[in-house]
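Here is a short briefing on a protein model. Look at the structure first, then work through the points below.

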2 protein chains.
Amino acid sequence: MPAKARTDRNAATRTSILDAAERLFAEHGVHEVSNRQVADAAGQGNTAVVGYHFGTKTDLVRALVRRHSEAIERTREEMLARVAGSDDLRDWLDCLVRPTFDHLASLGSPTWYARFGAQVMTDPALREILVDESLGSPVLLRILDGLHACLPELPAAVRRERGDVGRHLLVHVPAERERALAEGAPTTRATWAAAASGLVDVLVGVWLAPVTPAPDH
Amino acid sequence: MPAKARTDRNAATRTSILDAAERLFAEHGVHEVSNRQVADAAGQGNTAVVGYHFGTKTDLVRALVRRHSEAIERTREEMLARVAGSDDLRDWLDCLVRPTFDHLASLGSPTWYARFGAQVMTDPALREILVDESLGSPVLLRILDGLHACLPELPAAVRRERGDVGRHLLVHVPAERERALAEGAPTTRATWAAAASGLVDVLVGVWLAPVTPAPDH
């Protein structure tokens with residue numbers, strides 16, 4: 001086989017494995033799905049093909065994260081360039097929320113990435129992959145700096161607590177919307193863009209919520 | 001064996017099965033744990049003992065939910081009696097948040113119920129059990145009525161969206177705190193009571209957040 005044809009065939013095989021893994025991981029859980037099931041769903045007779053192209057399951061998860069995080073990161077960078085210097089909290093929250101929601105919209109329907117991402121984010125071992133590939137990006141850190149500069153003085157514990165709530169919602173709100181779409185269940189908003197607006201509003205509320213002295217700390 | 005001794009032994013067996021199941025479900029996932037593993041962890045030689053005392057896995061999950069929901073429901077009822085007629089949003093949010101957090105505090109450390117509950121809440125099939133046992137309670141519905149009466153006019157989609165966010169945080173914030181405690185990881189607040197105050201603040205923010213017209217609905 002000529003080198004070009006071999007490269008094309010390899011690329012097609014890799015894509016079919018990634019597609020199958022993403023769907024199975026989203027629907028059944030990353031830990032529940034074996035290489036054999038991925039190979040079968042990808043139409044590959046040989047189970048070893050998954051390991052041959054992607055190494056361990058961790059490597060496969062990393063490849064899945066990477067094929068989305070690059071596009072999301074690009075949008076983030078463009079949005080950051082537009083809002084630099086803004087003192088409007090909503091601008092910075094837009095930079096956090098919209099790149100992922102826009103990316104999901106661009107994938108058409110159905111998508112699996114939001115449900116897959118929610119698992120990766122909640123699993124202590126897999127989360128390290130997200131940190132490497134995406135959560136530690138300099139662009140994201142600059143967005144968080146811009147966001148923090150718009151906030152009122154907050155006790156450190158409150159700031160951490162609201163950061164946790166924000167991160168949680170950024171991952172689980174799109175995952176729940178994706179699940180509802182996949183199951184044909186009703187969604188509160190008709191589009192990803194409208195859902196992003198709703199989440200930005202909620203996050204403005206979270207960050208500007210009153211701070212009541214707790215009974216103890 | 002006299003009837004009294006037999007009843008006592010049955011009660012002790014049931015408790016040991018419930019304790020083992022709750023811990024294993026919290027740590028490994030409801031779907032991952034077999035009756036055999038529950039029986040082993042409960043120190044029961046005979047796997048059939050789980051089925052004998054609790055029927056199917058769904059019945060076992062229901063028994064676990066029930067042994068906590070009764071205490072939580074009692075606190076909710078007491079708090080409702082105290083705030084009836086209030087037009088302070090925070091009072092109603094206290095009724096939603098504190099009974100669960102107080103219950104977790106009363107269990108000592110470690111607890112497993114919050115992580116178990118988060119799974120039951122997220123699993124479409126198991127969620128029905130929570131609806132039967134707890135989410136459909138008349139006390140809870142009266143609290144939600146009181147809460148809604150304190151809110152500004154909100155478009156229906158926004159109200160549903162914020163209700164979803166609130167329910168999500170009510171389940172996942174305590175589950176994450178419980179996980180951090182179990183792993184010896186730092187928590188943002190030192191006590192369940194302080195964590196409850198923080199969540200009530202966040203939920204005030206969520207409900208009173210601005211409403212921006214979405215690009216489309």
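In this predicted model, the side chains of Arg67(A) and Glu22(A) meet in a salt bridge, 3.8 Å from N to O. A salt bridge here is a side-chain nitrogen of Lys or Arg within 4 Å of a carboxyl oxygen of Asp or Glu. The pair links distant parts of the chain, 45 residues apart: Arg67(A) sits in helix H4 of chain A, and Glu22(A) in helix H1 (residues 3-28) of chain A. Side chains of opposite charge can pair when their charged atoms come close. Over all chains, the whole structure holds 24 salt bridges.

**Ground rules**

- Residues are numbered from 1 along each chain as its sequence is written, and chains are lettered from A and ligands numbered from 1 in the order in which they are written.
- In this predicted model, local features need pLDDT of at least 70, side-chain atom pairs count only at pLDDT 80 or more, and totals for chains, interfaces and linings use all residues; side-chain values use heavy atoms, with hydrogens and water left out.

**Chain A as a whole**

- Chain A has 10 helices and 0 strands.
- Helices (H or I, at least four residues) and strands (E, at least two) are DSSP runs, numbered from the N terminus.
- Along the sequence, the pattern of chain A reads α-α-α-α-α-α-α-α-α-α.
- The C-alpha trace of chain A spans about 65 × 35 × 35 Å along its principal axes.

**Helix H9 in both chains**

- H9(A) has 28 residues.
- From first C-alpha to last, H9(A) reaches 40 Å, close to the expected 40 Å at 1.5 Å a residue; the expected span is 1.5 Å times one less than the number of residues.
- H9(A) bends by about 25° at Leu169(A); the bend is the angle between axes fitted to the seven residues ending there and the seven starting there.
- Gly184(A) follows H9(A), and its phi is positive, near 70°.
- In chain B, helix H9 (residues 156-183) also has 28 residues and reaches 40 Å from its first C-alpha to its last.
- H9(B) bends by about 25° at Leu169(B).
- Just after H9(B) comes Gly184(B), with a positive phi of about 70°.

**Where the chains meet**

- Contact (heavy atoms within 4.5 Å) involves 36 residues of chain A and 36 residues of chain B.
- The two chains bury about 3100 Å² between them, 55% of it on carbon and sulfur atoms.
- Buried area is the accessible area (1.4 Å probe) that two parts lose on being put together, summed over both.
- Glu161(A), Thr188(A) and Arg189(A) supply 18% of the area that chain A buries against chain B, more than any other three residues.
- How many salt bridges are there between chain A and chain B? The count is 2.
- Arg189(A) forms a salt bridge with Glu161(B), with the closest N and O atoms 2.8 Å apart.
- Helix H9 (156-183) and helix H10 (192-208) of chain A each supply at least two residues of the side that touches chain B.
- H9(A) gives the largest share of that side, 12 residues.

**Loops**

- Ser86(A) lies in the loop between helix H4 (57-83) and helix H5 (89-106) of chain A.
- The side chain of Ser86(A) reaches the backbone nitrogen of Asp88(A) at 2.9 Å.
- Not counting residues up to four places away in sequence, Ser86(A) touches Asp91(A), Trp92(A) and Cys150(A).
- Ser109(A) and Pro110(A) are joined by a cis peptide bond, with omega about 0°.
- Pro110(A) lies in the loop between H5 and helix H6 (113-122) of chain A.
- In chain B, a cis peptide bond joins Ser109(B) and Pro110(B), with omega about 0°.

How values were computed:
A polar contact is a pair of N or O atoms within 3.5 Å; within protein, one must be able to donate a hydrogen and the other to accept it, and residues adjacent in sequence count only if both atoms are side-chain atoms.
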